[in-house]
Amino acid sequence: SSGKSSVLENLVGRDFLPRGSGIVTRRPLVLQLVNVPRAEGEVEGEGSVRAQFLHLPNKVFTDMGEVRREIERETERLAGSNKGIVKTPIHLRITSPDVLSLTLVDLPGITKIPVGDQPSDIEAQTRNLVFEYISKPNSIIVAISPANVDIVNSESLKFAREVDPKGSRTIGVITKIDLMDRGTNSLDILTGRVYPLRLGFVGVVNRSQEDTQSNKPIAESLAFEEEFFRSHSVYRTIQQHCGTKNLAKVLNQLLMQHIRDHLPSIKTKINALISQTEQELSSYGSMNKDSDKISNAGRLLKLITLFATEFSNSIEGTAPEMSTAELCGGARLYYIFNDIFASGLDSVNPTANLTNSDIRTAIRNSTGPRASLFVPEIAFQLLVKPQIKSLEPPALRCVQLAYEELMKIGLSCGNNEMRRYPRLHAKVMEVVSDLLRERVSPTTAYVESLIAIERAYINTNHPDFIGGSGAISDLQRKLERKRKEATRSRIREVNKTIGSARNRSVDGDTVVVGSYGTVEEIVDDM
């Protein structure tokens with residue numbers, strides 16, 4: 001509504017943008033103007049104009065009416081036909097001898113009240129869309145405001161101040177100067193007395209809606225604009241700072257100056273990126289386009305060997321880069337075997353699910369119809385074998401944890417040169433994963449066989465096996481310790497009882513209480 005699209009058309013000198021009331025620009029339009037030499041014999045203002053869309057790279061437009069219809073079609077393709085707004089831009093390149101080289105972006109205006117298919121947060125969406133472009137420090141902000149609206153209420157200047165508080169890259173454009181009330185003018189605004197901008201203000205006069213509908217040529221509109229500022233009693237004093245032609249020159253100069261100011265920093269960033277990329281490329285190794293199959297086979301063998309070496313170093317703990325935040329590689333495997341597996345074995349209760357009734361029943365079943373004086377060995381085996389079986393779950397869990405850790409080691413391996421070939425790296429990981437997965441079943445079967453071997457033959461001659469005599473000796477030692485404890489306990493009780501009868505004598509047997517509280521029995525030989 002402030003005339004953004006009209007300003008662009010005046011800069012191009014052609015009528016090519018959709019026009020109408022309400023919101024018309026519903027997608028950002030990135031307009032690249034390219035100045036080309038004028039053909040021989042071509043009159044100024046009548047130069048051939050060529051337009052090309054990025055989404056139609058092989059089609060060149062010479063009819064500006066067709067360009068307008070293509071913009072409308074492409075807008076409706078994504079934004080719909082009912083006032084919807086999308087952030088995906090339309091890229092249009094126009095070459096002409098009558099334009100100055102510029103790159104402009106026509107953004108949708110801020111919508112306060114949603115209409116049609118617009119969502120309830122349309123104001124926030126358009127605001128975010130505008131800020132996405134004007135926040136870039138390398139962009140120049142063209143803040144367009146209508147002259148028949150108080151400048152202090154200008155949304156464009158408000159947004160520009162938020163991202164450019166110093167006003168170093170904002171230029172103001174005042175439109176609709178010819179529609180101001182009689183007795184009023186924009187002189188104070190154009191001269192920067194109301195709202196100062198470092199790049200200043202430029203006043204322009206666009207075609208009215210009536211002129212657009214009547215297909216008034218832009219050339220006539222530009223001539224009317226020039227005559228308006230030259231003959232106006234107020235604006236003729238600053239006519240060198242007004243008009244579309246002056247705006248185009250100012251924008252072109254600002255763009256050139258902006259490029260010169262920011263080119264060194266851009267060049268520095270590009271050189272840094274080039275250096276970084278070259279270092280990364282050199283780390284991948286050299287690649288000869290004319291290399292034959294033999295050299296490729298050697299390179300493949302080298303990559304696989306490096307992967308195997310890195311895998312081995314991760315397990316051995318000699319890798320150049322090791323994590324300090326958590327255990328990994330061989331240290332993690334050691335932790336699995338010596339901590340997780342060991343604690344799992346310690347948590348196994350050797351007498352779990354084994355009651356006196358089970359023992360009694362096993363002894364009776366092993367003797368058959370005969371009474372037995374001693375515990376049969378068969379009964380012992382019947383009771384022990386299920387307990388040995390309880391060692392199997394911790395062992396199988398250890399196998400699974402070791403497999404998972406080896407998989408993690410494999411995923412963490414792969415030098416930069418191998419990652420240069422993503423398909424090769426993926427294939428190597430696939431082969432490593434298959435090999436490890438194939439060894440899980442044999443390893444599990446081997447662990448189960450070890451448990452089965454221990455269950456099949458119980459070696460009673462093993463030094464750690466106490467046997468029957470050892471069990472009896474151990475029982476006797478326990479009983480002896482209990483008897484001594486009981487004796488000491490009785491002595492302590494006697495000491496407490498006769499504590500008040502120290503040094504007292506009786507007839508017959510005499511009990512003497514020593515000075516240290518020990519009890520001695522003295523038999524009278526008389």
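This is a predicted model: local features need pLDDT of at least 70, side-chain atom pairs count only at pLDDT 80 or more; totals for chains, interfaces and linings use all residues.
1. Let me start with a strand pair: strand E2 (residues 50-53) runs antiparallel to E4, and four bridges join them. Within this pairing, Phe-53 stands opposite Leu-92 in E4. Strands are DSSP runs (E, at least two residues) and helices are too (H or I, at least four residues), numbered from the N terminus; two strands pair if DSSP finds at least two bridges between them.

2. Residues are numbered from 1 along each chain as its sequence is written, and side-chain values use heavy atoms, with hydrogens and water left out.

3. Strand E4 (residues 90-96) also pairs with strand E1 (residues 29-35), in the parallel sense and over seven bridges. Here Leu-33 stands opposite Ile-94 in E4. Strand E4 is mostly covered, with five of its seven residues buried (under 20% relative accessible area; exposed is over 50%, partly exposed in between; 1.4 Å probe, protein chains only).

4. What do the buried residues of H2 pack against? They pack against E1, E2, strand E3 (56-61) and E4, where contact means heavy atoms within 4.5 Å. Among these buried residues are Met-64, Val-67, Ile-71 and Ala-79, along with Glu-70 and Glu-74.

5. Helix H2 (residues 64-79) has 16 residues and spans 22 Å from first C-alpha to last, close to the expected 22 Å (1.5 Å times one less than the number of residues). Just after H2, Gly-80 takes a positive phi of about 80°.

6. Have a look at the open sheet as well: three strands in the order E6-E7-E8, with parallel pairing. Strand E6 (141-146) and strand E8 (201-203) are the edges, each pairing on one side only. The twist averages 25° from one strand to the next. Helix H4 (residues 155-163) packs on the sheet, touching E6, E7 and E8, and its direction makes about 155° with that of E6 (axes are lines fitted to C-alpha atoms, for helices over the stretch in contact; angles run from 0 to 180 degrees between N-to-C directions).

7. Finally, helix H12 (residues 377-389): its buried residues are Ala-379, Leu-383, Gln-387 and Ile-388. Their cover includes helix H11 (356-367), helix H13 (392-412) and helix H15 (422-456).
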